[in-house]
Amino acid sequence: MPDLTIGILGAGKLGSTLARLGTQAGFKLLIASRRPVDQLQWVIDTLAPGAVTTTADALVAQADVIILAIPLSHYRDLDPQAFAGKIVLDATNYWVEVDGTVNEISDLTHSSSEVIQDWLAQSKVAKAFNHMGYHDLEIEVDRKPTLPRAMAFATDHDDIRPVVTQILSGFGFAPLDLGPLRFGLLLEPGSPLFGEAIPTTEFREKLAKIYDSTFGQKIIAARGNKL
Amino acid sequence: MNKTTYQFGLNTFGDLAFKDDGTPMTGAESLRQVVAEGQLADRLGIDLIALGEHHRSEFAISSPEIVLGALAATTRHIKLGTAVTVLSSDDPVRVFERFSTLHALANGREEIMLGRGSFTESFPLYGYDLENYNELFEEKIELWEKLLAGGAIDWEGKFTQKLTDTTVYPKLPAGETIATTLAVGGSPESIIRAAYYELPVVIAIIGGEPVRFRPYVDLYHKAVKQMNKPELPLGMHAHGIILDDEDEAKKVGWQYIKAEMDRIGIDRGWAPMTRDRFEFEIDKGSYYVGTPEQVAQKIAKNMNALDMQRFDLVYGTGGQLLHQRTATIRNYAQKVIPRVKELLGGAANA
């Protein structure tokens, strides 16, 4: 997939960090935000040289893979028709500062990425890039630790697993497949895995004990027999 | 702008400290300790001490200006700053009143560093909605600029009080102002905002290789040009422990810096710090932990790489024993700062 075009929607801390990692890795990369294209371009020329700034509409039309780096609560602004057939990497998290004090989008029965998948029904959504803070994303790639840090992902579409894996490892992480999208909940704020920037073995150890944690217990209580 | 003028400061959030026998100090004792340390820093000739406001159990300082008031009366040369004042969850009018008071008591040695705040406790505490985080700051910084301009002001905002032909007292003496800087974490918007408001920037570089902030420095220079604004000195802030013995410094760092980062991480969704990451932060990253020579080399290298004219060392992170805190301050003043100036090119302060 040498001609894969990645589009990043959102150019804040997360979006601009991912843009830099992506261009550094040699991906063809587009980025768009609510800012006018020329204004954003001169920011991006400095923060992620090589990334091409465009409008959100053009980005969605042109990119094969779209990374969501917008506030989660803005997902309804995305046009499901325009997204049809696209691979979507959902890097968003529910964040009180931008999404509001009360989370009315997702709960312990549904990962927020499932909500996005429901909205973008004709796209193939994977949850990825969400469990590491934007500082760590950059630091843990640039410092080239002996073992790359695990980047977990979840999706309901087996046919996109190779692409997701290729992108995550291309960006500098060790991809770790959690399975179906509903398990993406294990990567969300409140989970012991949220914020983790550790190698795969350690990540798996933590994952194995997840249902012993308070967060895991809450999931059991909410989801009952169907975890 | 005089490129050869450098400023070196100390920062603390008033972390609850420990006596040399390991007994934890109370908040009150820790506050008095900060005052004593500020006095020591003044005697040692450090340029600035800046205090951060926090509203949680690990830290004693919630009202930095009061502590600075005590220092204003008992020091002579040192600049007295905040790092930071969380303007978003404060009332700019009252902030102005406190700082114009401090301006009088400190004979103009005060400095306010405005920030959006990386901790969120102050928002519910003062009855502000965290979801307006960004808008609150935008609006209040505009009001702050208006207050600084002096005279009677008219003001109408969304989150702030309406003011009609209002003067706020004590007025600043004619021609004087409150030195204001802007603290920046990792947001491109904040950098552009600093350029727009013509405020010197201090970047918190508390993790990773400092050189990764080079693009932000470039962005600042670019923004200044684009908007035709003056180029102002840039500064950085980072944690450090400076002891004569390297291993001892690392030991103290692992015990206290790691512990504090992990404790805060629990609330903020950070993972506990791994040993290899800690070692990386000391070797190549953002912890200034080691002997005076090691720390001086590192500060000089990073100030050079990032065009910095100001360096603020956060001391006493996680508390630490009194003698460890004092040793860091003394080493910083007597060995590190002169050495950094030498390494940066000797020309030093005009």
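Is Val202(B) buried or exposed? In this predicted model, Val202(B) has 28 other C-beta atoms within 10 Å, so it counts as buried. The cut-off for that label is 20 or more.

Let's see who those surroundings include. Val202(B) sits in strand E9 of chain B, which covers residues 201–204. If you skip its neighbours within four places in sequence, Val202(B) is in contact with Met113(B), Thr181(B), Ala183(B), Gly235(B), Met236(B), His237(B), Arg310(B) and Asp312(B).

Two packed helices are described by the angle between their axes and the distance between the axes. Here, H1(B) (residues 27–44) and H2(B) (residues 64–74) pack at about 35 degrees, with axes 10 Å apart. H1(B) passes H2(B) in a right-handed crossing. On the H1(B) side, the contact uses Leu31(B), Val34(B), Val35(B), Gly38(B) and Gln39(B), while H2(B) brings Val67(B), Ala70(B), Leu71(B) and Thr74(B). Sort these residues by class and you get six nonpolar, three polar and no charged ones.

Finally, step back to where the chains meet. Here 26 residues of chain A are in contact with 21 residues of chain B. On the chain A side, helices H1 (13–24), H2 (37–47), H5 (96–99) and H7 (134–142) each supply at least two residues. H7(A) gives the most, with five residues. By class, the side of chain A that touches chain B has 12 nonpolar, eight polar and six charged residues.

Methods:
Residues are numbered from 1 along each chain as its sequence is written. Chains are lettered from A and ligands numbered from 1 in the order in which they are written. This is a predicted model: local features need pLDDT of at least 70, side-chain atom pairs count only at pLDDT 80 or more; totals for chains, interfaces and linings use all residues. Helices (H or I, at least four residues) and strands (E, at least two) are DSSP runs, numbered from the N terminus. A residue is buried if 20 or more other C-beta atoms lie within 10 Å of its own, exposed if 12 or fewer, and partly exposed in between; C-beta atoms are placed from the backbone. Two residues are in contact if their C-beta atoms, placed from the backbone, lie within 7 Å. Ala, Val, Leu, Ile, Met, Phe, Trp, Tyr, Cys and Pro count as nonpolar, Asp, Glu, Lys and Arg as charged, and the others, Gly among them, as polar. Axes are lines fitted to C-alpha atoms, for helices over the stretch in contact, and angles run from 0 to 180 degrees between N-to-C directions. A crossing is left-handed if the near helix is turned anticlockwise from the far one by less than a right angle, and right-handed if clockwise.
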